[in-house]
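Colleague: I have a model open and would like to go through it with you. Can we take it piece by piece?

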Amino acid sequence: MQLAVNAGTAAGEAVPERRDRSQDPERSLGRVIACDGSRATIASAVAGAGRLGPDSWTVGRMISINLGRTRIVGLVYEINAADRIWNEAADNVIHIDVELLGEVTEGEGGRSHFQSGISTYPPIGTIAHRIRAGDLALVHDLGDRKGVAIGTLSQDAAIPATICIDDMLARHFALLGTTGVGKSSAVSLLLRRAIVARPRLRVLILDPHNEYASAFPDRALSIDSEGLDLPFWMFRLEEFAEVVFRGRAAFEEEGDILREVVAAARERYRAGGQQNPMRELGSSLLKRPLDMSIGRRAESGGATDMPTPYRIKDVLAIIDELVGLHELRWPRAALRSLKVRIETLHDDPRYQFMFARANMMETMTPVLAQIFRIPHHGRPITVFQLGGLPSEVVDAVASVLARLAFDLAMSSQGTYEILLLCEEAHRYVPADRTLGFLPTRQAIARIAKEGRKYGAYLGVVTQRPGELDPTILSQCSTIFAMRLANDVDQQIIRAAISDASASTLKFLSSVGNREAIAFGQGVATTMRMRFAELAPHELPAMDVAVGVEGRREPGLEDMVRRMRG
Ligand SMILES: Nc1ncnc2c1ncn2[C@@H]1O[C@H](COP(=O)(O)OP(=O)(O)OP(=O)(O)O)[C@@H](O)[C@H]1O
Ligand SMILES: [Mg+2]
(Lines give C-alpha, C1' and ligand atoms only; values in the text may rest on other atoms or scores of the structure.)
(Ligands and ions follow the chains in the order given, each with its own letter.)
Protein backbone atom coordinates (compact mmCIF):
# COMPACT_ATOMS: atom_id res chain seq x y z
CA MET A 1 0.00 0.00 0.00
CA GLN A 2 1.35 3.39 -0.94
CA LEU A 3 0.36 5.66 1.83
CA ALA A 4 2.74 8.23 3.09
CA VAL A 5 1.41 9.71 6.25
CA ASN A 6 3.08 12.00 8.66
CA ALA A 7 2.61 15.38 10.13
CA GLY A 8 4.33 17.19 7.37
CA THR A 9 2.89 15.51 4.32
CA ALA A 10 -0.63 14.71 5.38
CA ALA A 11 -2.93 15.11 2.45
CA GLY A 12 -6.67 15.62 2.32
CA GLU A 13 -9.06 18.15 3.69
CA ALA A 14 -7.70 20.59 6.16
CA VAL A 15 -9.05 19.83 9.58
CA PRO A 16 -8.18 22.59 12.00
CA GLU A 17 -5.64 21.10 14.35
CA ARG A 18 -5.90 22.78 17.69
CA ARG A 19 -2.98 22.34 19.98
CA ASP A 20 -2.03 23.42 23.41
CA ARG A 21 1.12 25.54 23.36
CA SER A 22 2.79 22.93 25.52
CA GLN A 23 2.11 20.21 23.03
CA ASP A 24 4.86 18.42 21.21
CA PRO A 25 4.98 19.96 17.72
CA GLU A 26 6.26 16.62 16.46
CA ARG A 27 3.11 14.85 17.49
CA SER A 28 2.71 11.95 15.11
CA LEU A 29 -0.36 11.99 13.02
CA GLY A 30 -2.24 9.30 11.19
CA ARG A 31 -5.20 8.98 8.88
CA VAL A 32 -8.27 6.85 9.20
CA ILE A 33 -8.14 4.20 6.48
CA ALA A 34 -10.96 1.94 7.63
CA CYS A 35 -13.90 2.15 9.97
CA ASP A 36 -16.81 -0.01 10.98
CA GLY A 37 -19.46 0.61 13.62
CA SER A 38 -17.16 0.23 16.58
CA ARG A 39 -13.60 0.15 15.33
CA ALA A 40 -11.29 2.01 13.04
CA THR A 41 -7.90 1.47 11.49
CA ILE A 42 -5.45 4.32 11.28
CA ALA A 43 -2.39 4.41 9.07
CA SER A 44 0.67 6.30 10.20
CA ALA A 45 4.36 6.24 9.51
CA VAL A 46 7.30 5.66 11.76
CA ALA A 47 10.91 6.49 10.98
CA GLY A 48 13.12 3.48 10.35
CA ALA A 49 15.14 4.05 13.49
CA GLY A 50 11.91 4.08 15.49
CA ARG A 51 11.58 5.90 18.77
CA LEU A 52 9.57 5.55 21.90
CA GLY A 53 8.27 8.90 22.94
CA PRO A 54 5.18 10.30 24.51
CA ASP A 55 3.66 10.41 21.05
CA SER A 56 4.42 6.91 19.94
CA TRP A 57 1.52 4.79 18.83
CA THR A 58 1.33 2.06 21.44
CA VAL A 59 -1.24 -0.46 22.48
CA GLY A 60 -3.36 0.64 25.42
CA ARG A 61 -3.21 4.36 24.65
CA MET A 62 -6.11 6.54 23.82
CA ILE A 63 -6.10 8.51 20.61
CA SER A 64 -8.26 11.21 19.04
CA ILE A 65 -9.78 11.25 15.58
CA ASN A 66 -10.25 14.87 14.79
CA LEU A 67 -13.57 15.94 13.30
CA GLY A 68 -13.22 19.61 14.17
CA ARG A 69 -15.85 20.40 16.80
CA THR A 70 -15.92 16.82 17.92
CA ARG A 71 -13.06 14.48 18.51
CA ILE A 72 -13.67 10.76 18.54
CA VAL A 73 -11.79 9.01 21.31
CA GLY A 74 -10.42 5.55 20.59
CA LEU A 75 -8.37 2.98 22.41
CA VAL A 76 -5.47 1.34 20.59
CA TYR A 77 -5.67 -2.43 20.87
CA GLU A 78 -3.42 -3.61 18.07
CA ILE A 79 -0.61 -2.25 15.91
CA ASN A 80 1.05 -3.80 12.89
CA ALA A 81 3.69 -2.80 10.37
CA ALA A 82 1.57 -2.64 7.21
CA ASP A 83 3.87 -4.79 5.13
CA ARG A 84 5.11 -6.91 8.02
CA ILE A 85 8.64 -5.84 7.14
CA TRP A 86 10.82 -3.05 8.43
CA ASN A 87 12.91 -0.62 6.47
CA GLU A 88 15.65 0.94 8.59
CA ALA A 89 16.42 3.58 6.02
CA ALA A 90 12.94 5.00 5.43
CA ASP A 91 9.59 5.64 7.02
CA ASN A 92 7.49 2.55 7.64
CA VAL A 93 3.75 2.51 7.36
CA ILE A 94 1.99 1.11 10.38
CA HIS A 95 -1.66 0.23 10.96
CA ILE A 96 -3.22 1.06 14.27
CA ASP A 97 -6.47 -0.65 15.22
CA VAL A 98 -8.60 1.27 17.66
CA GLU A 99 -11.85 0.69 19.43
CA LEU A 100 -14.09 3.75 19.30
CA LEU A 101 -15.20 4.77 22.78
CA GLY A 102 -16.98 8.09 22.51
CA GLU A 103 -16.70 11.73 21.55
CA VAL A 104 -15.40 14.92 23.05
CA THR A 105 -17.63 17.76 21.93
CA GLU A 106 -16.88 21.42 22.30
CA GLY A 107 -19.92 23.11 23.69
CA GLU A 108 -20.94 26.69 24.17
CA GLY A 109 -18.36 28.93 25.76
CA GLY A 110 -15.53 26.54 24.95
CA ARG A 111 -16.58 24.00 27.56
CA SER A 112 -16.02 20.51 26.26
CA HIS A 113 -17.55 17.29 27.44
CA PHE A 114 -17.13 13.62 26.73
CA GLN A 115 -19.93 11.26 25.89
CA SER A 116 -19.79 7.53 25.30
CA GLY A 117 -20.92 6.33 21.91
CA ILE A 118 -20.32 7.71 18.44
CA SER A 119 -22.75 10.05 16.69
CA THR A 120 -20.59 10.94 13.70
CA TYR A 121 -18.24 8.40 12.21
CA PRO A 122 -14.94 9.58 10.74
CA PRO A 123 -14.67 9.78 6.96
CA ILE A 124 -11.74 7.93 5.46
CA GLY A 125 -8.70 10.15 5.58
CA THR A 126 -9.58 11.96 8.81
CA ILE A 127 -6.60 12.90 10.91
CA ALA A 128 -5.91 10.96 14.08
CA HIS A 129 -3.36 11.74 16.76
CA ARG A 130 -2.49 11.09 20.36
CA ILE A 131 -5.21 12.34 22.64
CA ARG A 132 -4.49 15.66 24.23
CA ALA A 133 -4.23 15.68 28.02
CA GLY A 134 -7.33 17.86 28.39
CA ASP A 135 -9.45 15.40 26.43
CA LEU A 136 -8.08 12.46 28.37
CA ALA A 137 -9.07 14.16 31.59
CA LEU A 138 -12.53 14.82 30.14
CA VAL A 139 -13.00 11.16 29.27
CA HIS A 140 -12.63 10.28 32.94
CA ASP A 141 -14.32 13.36 34.34
CA LEU A 142 -17.14 12.49 36.72
CA GLY A 143 -19.09 15.62 35.84
CA ASP A 144 -21.49 16.57 38.61
CA ARG A 145 -20.57 13.58 40.70
CA LYS A 146 -18.09 14.05 43.52
CA GLY A 147 -14.75 12.58 42.55
CA VAL A 148 -11.99 11.38 44.80
CA ALA A 149 -8.50 10.71 43.47
CA ILE A 150 -7.17 7.23 44.11
CA GLY A 151 -4.19 7.25 41.78
CA THR A 152 -3.29 8.38 38.30
CA LEU A 153 -4.16 7.32 34.80
CA SER A 154 -1.79 4.75 33.40
CA GLN A 155 -1.52 6.68 30.17
CA ASP A 156 -0.71 10.00 31.75
CA ALA A 157 0.55 10.13 35.31
CA ALA A 158 -0.21 13.83 35.43
CA ILE A 159 -3.94 13.15 35.34
CA PRO A 160 -5.57 11.95 38.55
CA ALA A 161 -7.69 8.79 38.44
CA THR A 162 -10.91 9.74 40.18
CA ILE A 163 -13.80 7.62 41.32
CA CYS A 164 -17.15 8.45 42.83
CA ILE A 165 -17.03 6.91 46.30
CA ASP A 166 -20.78 7.31 46.82
CA ASP A 167 -21.63 5.23 43.77
CA MET A 168 -18.86 2.75 44.39
CA LEU A 169 -20.21 2.03 47.87
CA ALA A 170 -23.91 2.16 47.22
CA ARG A 171 -23.79 -0.35 44.43
CA HIS A 172 -21.08 -2.53 45.94
CA PHE A 173 -17.62 -3.10 44.53
CA ALA A 174 -15.13 -5.84 43.80
CA LEU A 175 -11.36 -6.00 43.51
CA LEU A 176 -10.08 -8.91 41.51
CA GLY A 177 -6.57 -9.86 40.63
CA THR A 178 -3.98 -12.52 40.86
CA THR A 179 -1.87 -12.86 43.96
CA GLY A 180 0.54 -10.07 44.83
CA VAL A 181 -0.76 -7.46 42.37
CA GLY A 182 -1.75 -5.09 45.14
CA LYS A 183 -5.39 -5.86 45.93
CA SER A 184 -5.15 -5.51 49.69
CA SER A 185 -3.10 -2.34 49.36
CA ALA A 186 -5.71 -0.95 46.97
CA VAL A 187 -8.43 -1.86 49.46
CA SER A 188 -6.61 0.06 52.17
CA LEU A 189 -6.41 3.07 49.91
CA LEU A 190 -10.08 2.87 48.90
CA LEU A 191 -11.20 2.49 52.50
CA ARG A 192 -9.14 5.44 53.63
CA ARG A 193 -10.78 7.55 50.95
CA ALA A 194 -14.22 6.14 51.73
CA ILE A 195 -14.21 6.97 55.44
CA VAL A 196 -13.15 10.51 54.68
CA ALA A 197 -15.79 10.93 51.97
CA ARG A 198 -18.55 9.42 54.12
CA PRO A 199 -18.07 10.22 57.77
CA ARG A 200 -21.05 8.11 58.85
CA LEU A 201 -19.60 5.02 57.26
CA ARG A 202 -18.47 2.09 59.37
CA VAL A 203 -16.31 -0.58 57.82
CA LEU A 204 -16.05 -4.20 58.91
CA ILE A 205 -13.12 -6.04 57.38
CA LEU A 206 -13.19 -9.81 57.42
CA ASP A 207 -9.44 -10.28 57.45
CA PRO A 208 -8.40 -13.90 57.07
CA HIS A 209 -4.68 -13.12 56.95
CA ASN A 210 -4.54 -10.65 59.81
CA GLU A 211 -2.95 -8.08 57.54
CA TYR A 212 -5.13 -4.99 57.83
CA ALA A 213 -4.30 -3.98 61.38
CA SER A 214 -1.06 -2.52 60.09
CA ALA A 215 -2.80 -0.58 57.33
CA PHE A 216 -4.98 1.48 59.65
CA PRO A 217 -3.01 2.00 62.83
CA ASP A 218 -4.82 5.27 63.37
CA ARG A 219 -8.27 4.55 61.90
CA ALA A 220 -9.22 1.03 62.90
CA LEU A 221 -9.94 -1.03 65.92
CA SER A 222 -8.37 -4.37 65.35
CA ILE A 223 -10.01 -7.33 67.01
CA ASP A 224 -8.12 -10.57 67.21
CA SER A 225 -9.44 -13.86 68.54
CA GLU A 226 -8.64 -12.78 72.07
CA GLY A 227 -10.28 -9.40 71.81
CA LEU A 228 -13.39 -10.64 70.04
CA ASP A 229 -16.53 -10.72 72.11
CA LEU A 230 -19.39 -12.33 70.26
CA PRO A 231 -21.66 -14.01 72.80
CA PHE A 232 -23.02 -17.39 71.73
CA TRP A 233 -26.57 -16.16 72.17
CA MET A 234 -26.09 -13.72 69.33
CA PHE A 235 -25.65 -16.66 66.98
CA ARG A 236 -28.64 -17.92 65.11
CA LEU A 237 -29.38 -21.57 65.54
CA GLU A 238 -27.68 -22.67 62.29
CA GLU A 239 -24.66 -20.56 63.12
CA PHE A 240 -24.44 -21.97 66.61
CA ALA A 241 -24.98 -25.48 65.28
CA GLU A 242 -22.09 -24.99 62.84
CA VAL A 243 -19.82 -24.20 65.76
CA VAL A 244 -21.17 -26.97 67.99
CA PHE A 245 -21.14 -29.73 65.43
CA ARG A 246 -18.32 -28.49 63.21
CA GLY A 247 -20.16 -29.63 60.17
CA ARG A 248 -21.26 -33.05 61.44
CA ALA A 249 -23.12 -34.39 64.45
CA ALA A 250 -22.59 -37.89 65.85
CA PHE A 251 -26.31 -38.45 66.30
CA GLU A 252 -28.82 -37.17 63.86
CA GLU A 253 -31.10 -36.08 66.70
CA GLU A 254 -28.52 -33.70 68.14
CA GLY A 255 -29.50 -30.83 65.88
CA ASP A 256 -33.13 -31.10 66.92
CA ILE A 257 -32.20 -31.39 70.56
CA LEU A 258 -30.06 -28.28 70.30
CA ARG A 259 -32.97 -26.41 68.75
CA GLU A 260 -35.26 -27.46 71.55
CA VAL A 261 -32.92 -26.78 74.44
CA VAL A 262 -31.87 -23.40 73.12
CA ALA A 263 -35.50 -22.38 72.71
CA ALA A 264 -36.25 -23.61 76.22
CA ALA A 265 -33.20 -21.83 77.67
CA ARG A 266 -34.28 -18.60 76.03
CA GLU A 267 -37.73 -19.03 77.44
CA ARG A 268 -36.30 -19.74 80.86
CA TYR A 269 -34.19 -16.62 80.68
CA ARG A 270 -37.14 -14.53 79.60
CA ALA A 271 -39.40 -15.92 82.25
CA GLY A 272 -36.74 -15.46 84.91
CA GLY A 273 -38.12 -12.04 85.71
CA GLN A 274 -34.94 -10.45 84.46
CA GLN A 275 -35.17 -7.00 83.24
CA ASN A 276 -34.85 -7.05 79.51
CA PRO A 277 -31.28 -5.94 79.07
CA MET A 278 -31.79 -4.82 75.51
CA ARG A 279 -31.53 -1.17 75.12
CA GLU A 280 -31.17 1.40 72.37
CA LEU A 281 -29.94 -0.13 69.15
CA GLY A 282 -29.94 -3.58 70.60
CA SER A 283 -33.58 -3.37 71.44
CA SER A 284 -34.63 -2.04 68.07
CA LEU A 285 -32.85 -4.96 66.43
CA LEU A 286 -34.65 -7.39 68.63
CA LYS A 287 -38.04 -5.87 68.10
CA ARG A 288 -37.91 -6.47 64.40
CA PRO A 289 -40.44 -8.94 63.21
CA LEU A 290 -38.97 -12.37 62.74
CA ASP A 291 -39.58 -12.62 59.06
CA MET A 292 -37.15 -9.79 58.42
CA SER A 293 -34.23 -11.86 59.60
CA ILE A 294 -32.50 -13.78 56.92
CA GLY A 295 -32.72 -17.37 56.08
CA ARG A 296 -35.09 -20.16 56.56
CA ARG A 297 -37.23 -19.05 59.38
CA ALA A 298 -39.58 -21.95 59.09
CA GLU A 299 -36.77 -24.45 59.13
CA SER A 300 -34.85 -22.86 61.92
CA GLY A 301 -37.93 -22.47 64.01
CA GLY A 302 -39.42 -19.45 65.65
CA ALA A 303 -37.81 -17.99 68.70
CA THR A 304 -34.39 -19.55 68.26
CA ASP A 305 -33.83 -17.17 65.39
CA MET A 306 -33.91 -14.19 67.63
CA PRO A 307 -30.65 -13.12 69.12
CA THR A 308 -32.10 -12.91 72.61
CA PRO A 309 -29.91 -13.93 75.51
CA TYR A 310 -29.91 -17.23 77.30
CA ARG A 311 -27.55 -18.99 79.64
CA ILE A 312 -25.36 -21.97 78.87
CA LYS A 313 -25.97 -23.25 82.38
CA ASP A 314 -29.69 -23.35 81.56
CA VAL A 315 -28.93 -25.24 78.36
CA LEU A 316 -26.94 -27.83 80.29
CA ALA A 317 -29.57 -28.05 83.02
CA ILE A 318 -32.32 -28.58 80.45
CA ILE A 319 -30.33 -31.37 78.82
CA ASP A 320 -29.96 -32.98 82.28
CA GLU A 321 -33.68 -32.66 82.77
CA LEU A 322 -34.30 -34.33 79.43
CA VAL A 323 -31.92 -37.13 80.39
CA GLY A 324 -33.79 -37.61 83.64
CA LEU A 325 -37.24 -37.79 82.11
CA HIS A 326 -39.21 -40.96 82.67
CA GLU A 327 -40.39 -41.08 79.17
CA LEU A 328 -37.35 -40.23 77.15
CA ARG A 329 -38.03 -37.94 74.22
CA TRP A 330 -34.53 -38.25 72.81
CA PRO A 331 -31.96 -41.03 72.95
CA ARG A 332 -29.85 -40.64 76.06
CA ALA A 333 -26.64 -41.10 74.11
CA ALA A 334 -27.55 -38.19 71.83
CA LEU A 335 -28.39 -35.97 74.81
CA ARG A 336 -25.12 -36.82 76.52
CA SER A 337 -23.14 -36.32 73.32
CA LEU A 338 -24.61 -32.86 72.91
CA LYS A 339 -23.93 -31.97 76.51
CA VAL A 340 -20.30 -33.03 76.20
CA ARG A 341 -19.93 -30.99 73.03
CA ILE A 342 -21.27 -27.86 74.66
CA GLU A 343 -19.19 -28.33 77.79
CA THR A 344 -16.06 -28.92 75.74
CA LEU A 345 -16.63 -25.79 73.70
CA HIS A 346 -17.41 -23.80 76.78
CA ASP A 347 -14.10 -24.77 78.36
CA ASP A 348 -12.00 -24.45 75.21
CA PRO A 349 -9.87 -21.31 75.38
CA ARG A 350 -10.18 -20.86 71.62
CA TYR A 351 -13.91 -20.30 72.01
CA GLN A 352 -13.64 -17.79 74.80
CA PHE A 353 -14.90 -15.12 72.43
CA MET A 354 -18.29 -16.83 72.57
CA PHE A 355 -18.41 -18.15 76.09
CA ALA A 356 -16.26 -15.95 78.29
CA ARG A 357 -19.39 -14.32 79.62
CA ALA A 358 -21.58 -17.30 79.07
CA ASN A 359 -23.42 -17.11 82.35
CA MET A 360 -23.20 -13.40 82.80
CA MET A 361 -25.90 -11.59 80.99
CA GLU A 362 -24.46 -8.93 78.82
CA THR A 363 -26.55 -6.55 76.89
CA MET A 364 -26.21 -6.52 73.17
CA THR A 365 -25.42 -2.85 73.20
CA PRO A 366 -21.75 -2.96 74.26
CA VAL A 367 -21.10 -5.79 71.84
CA LEU A 368 -22.60 -3.85 68.95
CA ALA A 369 -20.90 -0.67 70.10
CA GLN A 370 -17.53 -2.36 69.93
CA ILE A 371 -18.06 -4.09 66.61
CA PHE A 372 -19.74 -1.23 64.83
CA ARG A 373 -17.72 1.56 66.39
CA ILE A 374 -20.59 3.50 67.90
CA PRO A 375 -19.29 6.02 68.70
CA HIS A 376 -16.20 5.50 66.60
CA HIS A 377 -13.74 7.79 68.40
CA GLY A 378 -11.95 8.44 65.13
CA ARG A 379 -11.71 4.73 64.26
CA PRO A 380 -14.64 3.85 62.03
CA ILE A 381 -13.03 0.64 60.77
CA THR A 382 -13.11 -2.70 62.58
CA VAL A 383 -10.62 -5.30 61.46
CA PHE A 384 -11.64 -8.83 62.37
CA GLN A 385 -8.53 -10.92 62.46
CA LEU A 386 -10.17 -14.18 61.56
CA GLY A 387 -6.81 -15.83 61.01
CA GLY A 388 -6.59 -16.49 64.73
CA LEU A 389 -9.94 -18.24 64.95
CA PRO A 390 -10.48 -21.98 64.63
CA SER A 391 -11.25 -22.46 60.96
CA GLU A 392 -14.57 -24.16 61.66
CA VAL A 393 -15.91 -21.07 63.36
CA VAL A 394 -14.74 -18.52 60.82
CA ASP A 395 -17.80 -19.18 58.71
CA ALA A 396 -20.19 -18.86 61.61
CA VAL A 397 -18.55 -15.64 62.78
CA ALA A 398 -18.65 -14.22 59.25
CA SER A 399 -22.31 -15.09 59.10
CA VAL A 400 -23.08 -13.37 62.41
CA LEU A 401 -21.14 -10.27 61.41
CA ALA A 402 -22.71 -10.01 57.94
CA ARG A 403 -26.16 -10.48 59.42
CA LEU A 404 -25.59 -7.92 62.15
CA ALA A 405 -24.18 -5.45 59.62
CA PHE A 406 -27.36 -5.62 57.58
CA ASP A 407 -29.67 -5.60 60.58
CA LEU A 408 -27.89 -2.72 62.23
CA ALA A 409 -27.82 -0.60 59.08
CA MET A 410 -31.50 -1.27 58.62
CA SER A 411 -32.50 -0.55 62.19
CA SER A 412 -30.45 2.62 62.28
CA GLN A 413 -32.76 3.99 59.58
CA GLY A 414 -29.99 5.64 57.70
CA THR A 415 -27.96 6.86 60.67
CA TYR A 416 -25.16 4.40 60.06
CA GLU A 417 -23.89 3.06 56.82
CA ILE A 418 -21.95 -0.15 57.03
CA LEU A 419 -19.52 -1.58 54.54
CA LEU A 420 -18.65 -5.24 54.87
CA LEU A 421 -15.33 -5.90 53.19
CA CYS A 422 -14.71 -9.58 52.49
CA GLU A 423 -11.15 -10.55 51.68
CA GLU A 424 -10.91 -13.95 50.01
CA ALA A 425 -14.62 -13.63 49.30
CA HIS A 426 -14.68 -16.91 47.36
CA ARG A 427 -14.35 -18.62 50.73
CA TYR A 428 -17.65 -17.25 51.98
CA VAL A 429 -19.64 -17.18 48.76
CA PRO A 430 -18.14 -19.87 46.56
CA ALA A 431 -19.42 -20.44 43.05
CA ASP A 432 -19.93 -24.08 43.92
CA ARG A 433 -23.14 -24.00 45.89
CA THR A 434 -22.37 -27.25 47.64
CA LEU A 435 -19.41 -25.54 49.34
CA GLY A 436 -19.38 -22.81 51.94
CA PHE A 437 -21.74 -22.21 54.81
CA LEU A 438 -25.29 -21.46 53.79
CA PRO A 439 -26.12 -18.80 56.42
CA THR A 440 -22.93 -16.87 55.52
CA ARG A 441 -23.83 -17.03 51.87
CA GLN A 442 -27.36 -15.86 52.64
CA ALA A 443 -26.20 -13.01 54.84
CA ILE A 444 -23.72 -11.73 52.26
CA ALA A 445 -26.17 -12.21 49.40
CA ARG A 446 -28.73 -10.25 51.34
CA ILE A 447 -26.39 -7.28 51.63
CA ALA A 448 -25.59 -7.59 47.91
CA LYS A 449 -29.24 -7.68 46.90
CA GLU A 450 -31.00 -5.40 49.35
CA GLY A 451 -28.27 -3.61 51.29
CA ARG A 452 -28.28 -0.47 49.21
CA LYS A 453 -31.73 0.53 50.44
CA TYR A 454 -30.59 0.46 54.04
CA GLY A 455 -27.00 1.65 53.79
CA ALA A 456 -25.37 -1.78 53.99
CA TYR A 457 -22.65 -2.15 51.38
CA LEU A 458 -20.41 -4.92 50.23
CA GLY A 459 -16.83 -4.97 49.02
CA VAL A 460 -15.43 -8.25 47.77
CA VAL A 461 -11.82 -9.08 47.12
CA THR A 462 -10.61 -12.26 45.54
CA GLN A 463 -7.74 -13.66 43.58
CA ARG A 464 -10.03 -16.34 42.19
CA PRO A 465 -12.99 -14.68 40.50
CA GLY A 466 -13.86 -18.01 38.92
CA GLU A 467 -14.55 -19.45 42.33
CA LEU A 468 -16.72 -16.58 43.48
CA ASP A 469 -20.49 -16.87 43.22
CA PRO A 470 -21.28 -15.04 39.96
CA THR A 471 -24.51 -13.65 41.38
CA ILE A 472 -22.52 -11.78 44.01
CA LEU A 473 -20.10 -10.45 41.43
CA SER A 474 -22.96 -9.33 39.23
CA GLN A 475 -24.26 -7.21 42.11
CA CYS A 476 -20.94 -5.38 42.32
CA SER A 477 -21.32 -2.51 39.95
CA THR A 478 -17.83 -1.12 40.29
CA ILE A 479 -15.05 -3.54 39.52
CA PHE A 480 -11.34 -2.95 39.81
CA ALA A 481 -9.83 -5.67 37.66
CA MET A 482 -6.14 -6.03 38.34
CA ARG A 483 -3.90 -8.50 36.58
CA LEU A 484 -5.71 -11.73 35.76
CA ALA A 485 -3.62 -14.17 33.83
CA ASN A 486 -6.17 -16.90 33.55
CA ASP A 487 -8.60 -17.01 30.62
CA VAL A 488 -11.46 -18.29 32.72
CA ASP A 489 -11.10 -15.36 35.11
CA GLN A 490 -11.07 -12.94 32.19
CA GLN A 491 -14.24 -14.51 30.85
CA ILE A 492 -15.84 -13.93 34.20
CA ILE A 493 -15.06 -10.25 34.08
CA ARG A 494 -16.44 -10.15 30.58
CA ALA A 495 -19.67 -11.72 31.75
CA ALA A 496 -19.92 -9.49 34.80
CA ILE A 497 -19.42 -6.20 33.02
CA SER A 498 -21.89 -5.60 30.28
CA ASP A 499 -20.15 -2.59 28.78
CA ALA A 500 -16.62 -3.93 29.06
CA SER A 501 -15.08 -3.75 25.65
CA ALA A 502 -13.32 -6.86 24.46
CA SER A 503 -10.17 -4.95 23.71
CA THR A 504 -9.97 -3.46 27.19
CA LEU A 505 -10.27 -6.90 28.70
CA LYS A 506 -7.36 -8.07 26.62
CA PHE A 507 -5.13 -5.93 28.80
CA LEU A 508 -6.03 -7.81 31.94
CA SER A 509 -3.28 -10.33 31.51
CA SER A 510 -0.59 -7.71 31.21
CA VAL A 511 -1.37 -4.79 33.51
CA GLY A 512 1.36 -4.05 36.00
CA ASN A 513 1.35 -4.30 39.76
CA ARG A 514 -0.76 -1.60 41.39
CA GLU A 515 -2.48 -1.09 38.05
CA ALA A 516 -6.17 -1.75 37.51
CA ILE A 517 -8.84 -1.37 34.92
CA ALA A 518 -11.78 0.17 36.71
CA PHE A 519 -15.23 -0.44 35.29
CA GLY A 520 -18.75 0.46 36.18
CA GLN A 521 -20.77 2.88 38.23
CA GLY A 522 -17.95 4.33 40.28
CA VAL A 523 -16.04 5.67 37.27
CA ALA A 524 -16.97 7.89 34.37
CA THR A 525 -15.58 5.62 31.66
CA THR A 526 -13.61 2.40 31.87
CA MET A 527 -10.33 3.61 33.27
CA ARG A 528 -6.90 2.09 33.19
CA MET A 529 -5.19 3.45 36.25
CA ARG A 530 -2.48 3.00 38.77
CA PHE A 531 -3.29 3.14 42.46
CA ALA A 532 -1.42 5.81 44.40
CA GLU A 533 1.60 4.66 46.29
CA LEU A 534 0.94 4.09 49.94
CA ALA A 535 3.43 4.92 52.65
CA PRO A 536 4.86 1.85 54.40
CA HIS A 537 2.75 2.53 57.50
CA GLU A 538 -0.41 2.48 55.40
CA LEU A 539 0.26 -0.87 53.76
CA PRO A 540 -1.39 -4.06 54.88
CA ALA A 541 1.11 -6.53 56.24
CA MET A 542 0.91 -9.74 58.11
CA ASP A 543 2.10 -10.09 61.67
CA VAL A 544 2.71 -6.54 62.65
CA ALA A 545 5.02 -6.02 65.54
CA VAL A 546 3.35 -2.96 66.92
CA GLY A 547 -0.13 -2.16 65.77
CA VAL A 548 -3.37 -0.97 67.11
CA GLU A 549 -3.77 -0.78 70.89
CA GLY A 550 -0.05 -1.28 71.37
CA ARG A 551 0.15 -4.87 70.24
CA ARG A 552 3.54 -6.22 70.98
CA GLU A 553 5.69 -8.64 69.06
CA PRO A 554 4.55 -12.16 69.86
CA GLY A 555 6.91 -14.09 72.09
CA LEU A 556 7.70 -17.73 71.44
CA GLU A 557 5.14 -18.80 74.02
CA ASP A 558 2.45 -16.84 72.25
CA MET A 559 3.47 -18.38 68.98
CA VAL A 560 3.34 -21.91 70.34
CA ARG A 561 -0.06 -21.16 71.80
CA ARG A 562 -1.23 -19.90 68.43
CA MET A 563 0.15 -22.96 66.67
CA ARG A 564 -1.79 -25.14 69.08
CA GLY A 565 -4.88 -23.07 68.85
N1 LIG B 1 -0.51 1.09 46.40
C2 LIG B 1 0.64 0.57 46.79
N3 LIG B 1 1.58 1.34 47.38
C4 LIG B 1 2.75 0.81 47.79
N5 LIG B 1 3.07 -0.48 47.67
C6 LIG B 1 2.19 -1.31 47.11
C7 LIG B 1 0.92 -0.83 46.65
N8 LIG B 1 0.25 -1.87 46.15
C9 LIG B 1 1.04 -2.95 46.28
N10 LIG B 1 2.21 -2.62 46.86
C11 LIG B 1 3.31 -3.54 47.15
O12 LIG B 1 3.00 -4.83 46.66
C13 LIG B 1 2.92 -5.79 47.71
C14 LIG B 1 1.79 -6.74 47.48
O15 LIG B 1 0.57 -6.04 47.55
P16 LIG B 1 -0.74 -6.65 48.22
O17 LIG B 1 -0.44 -7.39 49.45
O18 LIG B 1 -1.70 -5.52 48.32
O19 LIG B 1 -1.17 -7.66 47.07
P20 LIG B 1 -2.43 -8.63 47.04
O21 LIG B 1 -2.93 -8.60 45.66
O22 LIG B 1 -3.36 -8.31 48.12
O23 LIG B 1 -1.74 -10.04 47.31
P24 LIG B 1 -2.42 -11.38 47.86
O25 LIG B 1 -3.16 -11.97 46.71
O26 LIG B 1 -1.24 -12.18 48.27
O27 LIG B 1 -3.31 -11.01 48.99
C28 LIG B 1 2.76 -4.97 48.97
O29 LIG B 1 3.31 -5.61 50.09
C30 LIG B 1 3.49 -3.69 48.65
O31 LIG B 1 4.85 -3.84 48.91
MG1 LIG C 1 -4.11 -9.44 49.69
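Colleague: Where is the place of glycine 388?

Modeller: Glycine 388 is in the loop between strand E13 (381-385) and helix H12 (391-411). Helices (H or I, at least four residues) and strands (E, at least two) are DSSP runs, numbered from the N terminus. This is a predicted model, where local features need pLDDT of at least 70 and side-chain atom pairs count only at pLDDT 80 or more, while totals for chains, interfaces and linings use all residues. Residues are numbered from 1 along each chain as its sequence is written, chains are lettered from A and ligands numbered from 1 in the order in which they are written, and side-chain values use heavy atoms, with hydrogens and water left out.

Colleague: What does glycine 388 touch?

Modeller: Leaving out residues up to four places away in sequence, glycine 388 touches Asn210 and Ser225. Touching here is contact, meaning heavy atoms within 4.5 Å.

Colleague: Now the salt bridges. How many does the structure hold?

Modeller: There are 22 salt bridges. A salt bridge is a side-chain nitrogen of Lys or Arg within 4 Å of a carboxyl oxygen of Asp or Glu. One of them joins arginine 198 and glutamate 417, at 2.7 Å from N to O. That pair links distant parts of the chain, 219 residues apart: arginine 198 is in the loop between helix H3 (183-197) and strand E11 (201-207), and glutamate 417 is in strand E14 (residues 417-422).

Colleague: Is arginine 198 buried or exposed?

Modeller: Arginine 198 is buried, because its relative accessible area is 19%. Buried means under 20% relative accessible area, exposed over 50%, and partly exposed in between (1.4 Å probe, protein chains only). Glutamate 417 is buried at 6%.

Colleague: Which residue forms a salt bridge with glutamate 254?

Modeller: Arginine 341 does, with the closest N and O atoms 2.9 Å apart. Arginine 341 is in helix H9 (residues 332-347) and glutamate 254 in helix H5 (residues 254-271), 87 residues apart.

Colleague: Last topic, ligand 1. Which residues come nearest?

Modeller: Gly180, Lys183, Ser184, Ser185 and Leu534 come nearest, of the 14 residues around ligand 1. A residue is near a molecule if one of its heavy atoms lies within 4 Å of it.

Colleague: What is 2.8 Å from serine 184?

Modeller: An oxygen atom of ligand 1 lies at that distance from an N or O atom in the side chain of serine 184.

Conventions
A polar contact is a pair of N or O atoms within 3.5 Å; within protein, one must be able to donate a hydrogen and the other to accept it, and residues adjacent in sequence count only if both atoms are side-chain atoms.
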